[in-house]
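Please read the report below with the sequence and the structure side by side, going from one heading to the next.

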Amino acid sequence: MNVSFTPIPRRTLLRGLGVSLALPWLEAMGPFRAWAEEAPAAKPNLVPNRMAFLYVPNGVNMADWTPGEDGQDFHLTPILQPLEKVKSKLLVLSGLTADGARAYKDGGGDHARALSAFLTGARPYKTDGLDIRNGISVDQVAAARIGDQTRLPSLEIGTEHGAMAGNCDSGYSCVYSSTMSWRSSTQPLPKEVHPKLVFERLFAAGHDPSRGQRDARRKSILDFVQEDAQSLENRLARQDVRKLDEYFSSIRDLELRIERAEKLPPVAVPNDPPPTEIPAVYEEHLRLMADLMVLAFQADVTRVCSFVLANEGSNKSYAFIDVPEGHHDLSHHGGDGGKQAKLRTINLFHVRQLAYLLERLDQIQEGDGTLLDHAMIAYGSGIHDGNAHNHEDLPILLAGGGCGTIHSGRHLRYPRETPISNLWLSMLDRVEVSLEKLGDSTGALPDLT
Amino acid sequence: MGFSWPTCFDRILRSIRVLIEAVLVTALQFAAVLLAPLDAPLASAEETIAPAAAEIQFLKEFCFQCHAGDEPQAEISLEILAQADSPQKNRSLWTRVQNVVARGEMPPADEPQPSASEAESFIESVRRTREASDRNAKPDPGRVTMRRLNRAEYRNTIRDLVGIDFDPTEDFPSDDIGYGFDNIGDVLTLAPVLMERYLDAAEKIMSRAILPEPPPVPKRHLDAQYTEPASGEVASKWIENGFRRLESDTTDPLGLGPLHTPYKWEADGAYTFRTRLYGVAPEGQEVHVAILLHGPGLSDPSPESELATVAGNILRPARLLKTVVIRGRTPESTDEIEVSIPPAVDRQRVLVGLVRPSEGQGPVKIYVRHMALEGPLDTRPPSQRVLLAVTPGTTTEQQTREVLARFLRRAYRRPVEEGELQRLIALASRAQGAGEKWEGSIQLAMQAALCSPKFLFRVETDEQPENPAARLVDPLQLASRLSYFLWSSMPDDQLLDLAAQGKLHERLDEQVLRMLADPRSDALVENFAFQWLQIKRLESFVPDAQRFPQFDPPLRAAMLRETELFFASILREDRSVLDLLRADYTFLNQRLAQHYGIPSSEGQPITGEEFRRVSLAGNSLRGGLLTQASILAVTSNPTRTSPVKRGRWVLEQILGAPPPPPPPNVPELSEEPDAVTAASLRERMEIHRRNPACASCHTKMDAIGFALENYDAVGAYREQDGEFAIDARGEFPDGTTFTGAAELRQILLGREEDFLRALTEKLLIYALGRGLEYYDRPTIDRIVSKAKIEEAKFSVLVREIVRSDPFLQRRGTPAEANQGARGAE
């Protein structure tokens with residue numbers, strides 16, 4: 001089976017938006033890895049399915065988001081307009097709820113809860129530090145189950161580090177409003193925001209001719225530290241043992257990666273120089289991270305990715321699109337039309353970045369379709385309206401064909417209170433991970449196929 | 001100003017503080033409840049504080065109708081609160097009651113309502129009971145979860161352990177923050193991506209620190225024709241067949257010598273100098289040559305009497321290294337002279353001179369072919385020389401043991417256990433067995449130690465991890481608690497030695513002062529002060545470029561630097577921490593001075609990038625933290641000031657009374673369309689406050705924030721905001737009014753105790769690495785009262801924290817209680 005990749009005219013695309021990325025290495029992208037040829041012939045499903053989760057903070061301007069019509073004949077609303085080219089590969093999902101993000105007895109903290117409940121369907125435990133607890137997130141369920149098929153079980157990326165200082169949202173540790181991926185109920189996974197480091201994670205091993213030797217040294221170090229740590233075990237209190245568990249589990253993870261690297265065929269590395277800096281322009285940063293996600297999927301380095309476009313509650317200024325106010329401040333629009341218009345501008349900006357990613361994926365031929373056909377890209381926010389801080393009827397999109405498992409090009413309206421975790425369960429099902437329940441899920445989401 | 005604090009503002013402040021404390025308490029409530037039976041034998045020592053009769057009366061009147069009996073509403077029964085020991089036993093339930101009453105959520109609107117004053121006095125009474133109960137709580141040092149080194153600590157520890165100067169943490173993910181700080185044990189997790197970075201970092205660090213194959217020794221070769229003294233005449237008059245000639249009987253300085261040339265030197269390096277030459281002299285007469293070293297600041301110069309033996313004009317000061325007899329007499333039979341040059345400060349040139357023939361002897365000549373310098377001879381990095389230093393004459397096995405034992409003691413910050421040392425030696429031996437050089441095997445072993453949890457975590461092992469009784473931490477653990485508190489780094493040898501000798505506890509005060517005086521305590525500025533003041537966020541603060549065109553990275557850097565230098569001055573000069581609010585000086589460079597409109601200091605214009613200390617006149621618009629641009633900017637929005645954020649910042653960071661979060665579904669600032677265009681920010685906020693749900697907190701946040709309205713979103717002084725004149729008046733709910741930053745400062749200084757308490761709490765969280773609990777209240781009380789006695793000096797706060805029980809002590813966690821706490825929500 002022959003697979004061909006079409007070189008991607010990125011400059012052309014970017015020029016249209018008045019942005020030019022100085023990233024020659026992405027331009028001459030050839031096939032990185034003819035995985036289809038190398039995959040065992042006996043395996044019927046040659047093309048893997050991928051999943052990605054993109055998050056935008058502070059809710060969206062729902063009046064300009066939700067299509068008026070249901071089913072196939074829906075029209076793209078003003079905010080969704082940039083998705084015109086990929087409309088046929090898009091599902092707009094209305095009516096989903098993140099119940100874990102709601103206040104109940106915990107009071108304020110909707111932003112912190114929104115992000116941390118989004119992929120977990122769990123209720124984040126309110127604490128500024130002691131006993132941080134949430135649930136395992138859908139991407140990490142997938143990473144745990146299918147991560148052994150690729151070099152990296154999953155990739156967590158974003159553009160903003162955890163908050164720089166202080167209590168982030170009403171008594172919730174900053175970890176909640178900056179972390180979407182949870183490896184376990186007590187282990188948040190920090191996101192990588194530096195393109196250089198993402199690139200190195202994806203491809204560094206391929207660059208390094210002395211990798212074998214280095215891995216051997218590393219193995220001997222990993223063996224040593226595990227033995228060395230044993231002597232601590234009976235002399236630590238339980239909270240400390242939990243920290244030690246985190247340590248052991250991380251060590252184990254690295255060992256597995258070294259083992260996998262030995263077994264899996266080598267990843268072809270893009271020839272051009274890797275990125276060096278975090279782009280100063282936010283849009284370039286987002287697109288560079290999107291490019292890296294595309295590369296990771298294309299080279300099959302990983303099949304699972306989470307991408308936080310901005311931390312929840314972000315008060316970033318969008319002066320570069322003539323919205324100098326802070327995003328969070330604006331989201332408390334109080335019904336003011338001027339502010340809502342500005343919010344729409346921000347929402348539109350984020351959707352344009354999604355469009356960029358989806359179009360990129362859709363330009364890459366793979367087997368009988370495109371990379372987008374073999375992926376499921378979820379996009380949305382854990383907040384409906386930033387002013388009301390409510391968590392039902394969330395703005396959610398699902399793009400991609402999921403290897404023929406999704407019937408796209410529709411607007412689906414679900415009964416209110418349908419848990420968004422039902423969507424995650426259905427996505428897991430499509431990467432052949434069957435799970436009874438994720439967080440507050442009540443079953444698979446119907447009608448996707 | 002005539003106003004009375006104990007009235008409304010005061011009350012609200014206090015009740016808010018209680019709310020926040022109560023929230024903290026909630027998290028631990030389960031642990032506390034579950035611990036209770038274990039504490040039972042000791043609990044009798046604890047005097048029971050009962051709820052006041054009025055509190056019970058309030059519950060009966062407004063709560064029990066629904067929340068009592070067999071089937072209480074929402075399955076919440078409040079009857080247990082009427083019991084005498086309920087303030088201790090039911091802390092979290094009391095908290096919830098307090099919260100919902102304070103927010104007006106309970107009783108529900110369709111039930112009989114308490115009057116505002118009834119509700120307030122209920123809350124105030126509960127607060128007082130709570131305080132009394134907390135003060136009376138059984139002493140408990142609390143428990144810190146094993147702390148992973150955060151980025152700053154890792155960086156500093158590597159600096160002090162390995163002695164290399166680069167930042168190995170650049171690629172680490174940022175550390176999460178809890179209770180306002182990034183050194184909280186519970187919050188510092190260890191994700192696989194970080195472990196991967198630790199492996200990378202250890203590799204990078206040790207590959208810089210130890211070079212198994214040191215680079216070749218640098219060599220420099222200079223043909224004699226290029227030596228000095230130089231002139232156009234040298235080639236024609238003094239060069240023969242590529243040799244440069246010196247003569248004892250010429251008067252031409254070019255021919256008299258000595259020859260010399262400059263080199264670049266490494267101060268601590270040893271070098272070897274070589275020169276090749278032959279001499280010519282009357283039959284039977286010897287030729288002597290002198291090799292000298294010159295540098296303007298050279299130590300140990302030779303006396304004039306010695307230098308005078310050399311022909312020509314010698315650069316001084318100079319040291320005569322060696323005088324040699326030259327045997328060679330022809331270009332074919334030259335001598336090579338070799339001279340060792342030991343490490344010396346300020347070496348510059350090497351000189352080759354002719355020694356004057358003695359009285360009565362004939363003239364002599366020398367012919368020099370070249371000069372050459374090799375060195376530094378030891379090209380191993382300094383870190384390698386220190387890390388791999390060994391006792392001469394010992395076997396390789398002994399040296400391996402010596403080197404690794406010394407390293408482990410410092411890396412693990414305690415004496416080495418034989419088992420772990422054996423393991424590390426085995427690792428090194430295996431590497432040697434596989435063909436690795438000795439240096440390479442040690443490099444690998446040290447790399448491995450840097451990946452061990454014993455290095456990466458501040459492990460406080462405990463032989464009785466489940467014993468809940470309080471006891472002193474062992475002296476070595478105390479050494480680390482001290483060094484990471486004050487230096488964000490590992491203990492130095494003095495601390496480790498004192499600890500090992502068991503003398504650290506008795507010499508605590510002296511060590512605290514020594515450590516504060518050490519430059520390493522700069523870590524307190526960057527890691528504690530920056531986080532306390534929340535100005536790290538300035539790094540990502542981007543104000544709207546159209547409104548604030550003057551803001552750029554140099555100004556941002558200057559803002560941070562001002563606060564950094566200012567806080568450092570309080571620390572270094574051991575001032576009263578109240579000076580943080582009231583100081584009549586600050587630190588400015590030209591950029592910031594312009595920004596502030598302070599062009600000169602004591603008649604001298606403030607110019608250049610360098611910061612200097614600047615006295616502020618009594619009527620200055622600046623003075624103390626509140627008017628520093630760093631703080632004014634991080635409490636602003638990108639397009640405008642935020643009196644709310646500034647007010648909240650003052651309440652939380654300065655007064656320790658953070659306001660509760662806004663109730664849900666309330667816009668942050670409701671802006672009716674006509675108001676947006678027609679009203680000032682103040683007027684719009686006043687409209688906002690008409691909403692009673694907002695009013696109770698906003699009245700005081702806004703009042704404080706408005707007093708700072710003369711400073712715009714980047715901290716520049718202004719009297720107009722757009723077309724509106726600034727009105728920097730603030731009014732508290734009790735009618736107290738004040739105008740501008742200066743009067744606000746006076747009010748805050750009047751709240752000395754609140755400020756000291758707030759700062760103590762923050763510093764204690766930072767020192768302990770955990771959030772504070774109800775049982776920490778007596779500790780805080782004690783620290784604050786000691787500080788007040790001694791002028792609230794910074795070192796006193798630090799010393800009292802170090803002397804406090806939670807800092808000196810530890811306790812274990814009973815297994816079952818911990819499980820219970822985990823399962824609880």
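## A sheet in chain A

Two strands are said to pair if DSSP finds at least two bridges between them. In this model, which is predicted, strand 2 (residues 90-97) of chain A and strand 12 (residues 396-399) of chain A meet that condition, for they are joined by four bridges and pair in the antiparallel sense. Within this pair, L91(A) of chain A has L398(A), a residue of strand 12 of chain A, standing opposite.

The two strands belong to an open sheet of seven strands in chain A, in which the order is 3-6-1-11-12-2-13 and the pairing is mixed. Strand 3 (155-158) and strand 13 (410-419) of chain A each have a single partner strand because they stand at the edges, so that one side of each is left without a neighbour in the sheet. From one strand to the next, the twist averages 20°.

## A helix across the sheet

Helix 5 (residues 138-146) of chain A lies across strand 1 (50-55) and strand 6 (304-308) of chain A, and its direction makes an angle of about 155° with strand 6 of chain A. Is this helix of chain A mostly covered or mostly uncovered? Helix 5 of chain A is mostly covered, since seven of its nine residues are buried.

The buried residues of helix 5 of chain A are V138(A), D139(A), Q140(A), V141(A), A142(A), A143(A) and I146(A). Among the elements that cover them are strand 1, strand 4 (182-184), strand 6 and helix 13 (420-429) of chain A.

## A partly exposed residue

E284(A) is found in helix 10 (residues 282-298) of chain A. This residue, E284(A), counts as partly exposed because it has 18 C-beta neighbours inside 10 Å, whereas a buried residue would need 20 or more. Although E284(A) and Q353(A) are 69 residues apart in sequence, their C-alpha atoms are 9.6 Å apart in space.

## Chain B and its domains

The secondary structure of chain B comprises 33 helices and 22 strands, and of the 825 residues in this chain, 46% are buried. When contacts in chain B between residues at least 6 apart in sequence are considered, 73% of them join residues at least 24 apart.

Chain B is divided into four parts, namely domain 1 (8-135), domain 2 (145-214 + 380-459), domain 3 (219-374) and domain 4 (753-823). The centres of domain 3 and domain 4 of chain B, taken over C-alpha atoms, are separated by 70 Å.

## Where the chains meet

How many residues of chain B are in contact with chain A? There are 72 of them, and they touch 69 residues of chain A. On the side of chain B that touches chain A, at least two residues each are supplied by helix 1 (8-43), helix 7 (192-209), helix 13 (418-433), helix 14 (438-449), helix 15 (453-456) and helix 33 (815-823) of chain B. The largest share, five residues, comes from helix 7 of chain B, and the residues on this side of chain B are divided into 34 nonpolar, 21 polar and 17 charged.

## Confidence in the prediction

For the complex, the predictor gives an ipTM of 0.79 and a pTM of 0.78. Chain B has a mean pLDDT of 86, with 89% of its residues reaching 70 or more. Over residues 670-676 of chain B, however, the pLDDT is below 50, and this stretch has 11 contacts in the model beyond near neighbours in sequence. The pLDDT also stays under 50 over residues 817-825 of chain B, for which the model has 14 contacts beyond four places in sequence.

How values were computed. Residues are numbered from 1 along each chain as its sequence is written. Chains are lettered from A and ligands numbered from 1 in the order in which they are written. This is a predicted model: local features need pLDDT of at least 70, side-chain atom pairs count only at pLDDT 80 or more; totals for chains, interfaces and linings use all residues. Axes are lines fitted to C-alpha atoms, for helices over the stretch in contact, and angles run from 0 to 180 degrees between N-to-C directions. Two residues are in contact if their C-beta atoms, placed from the backbone, lie within 7 Å. Ala, Val, Leu, Ile, Met, Phe, Trp, Tyr, Cys and Pro count as nonpolar, Asp, Glu, Lys and Arg as charged, and the others, Gly among them, as polar. A residue is buried if 20 or more other C-beta atoms lie within 10 Å of its own, exposed if 12 or fewer, and partly exposed in between; C-beta atoms are placed from the backbone. Domain bounds come from an automatic or database domain assignment. pLDDT is the predictor's confidence in each residue, from 0 to 100.
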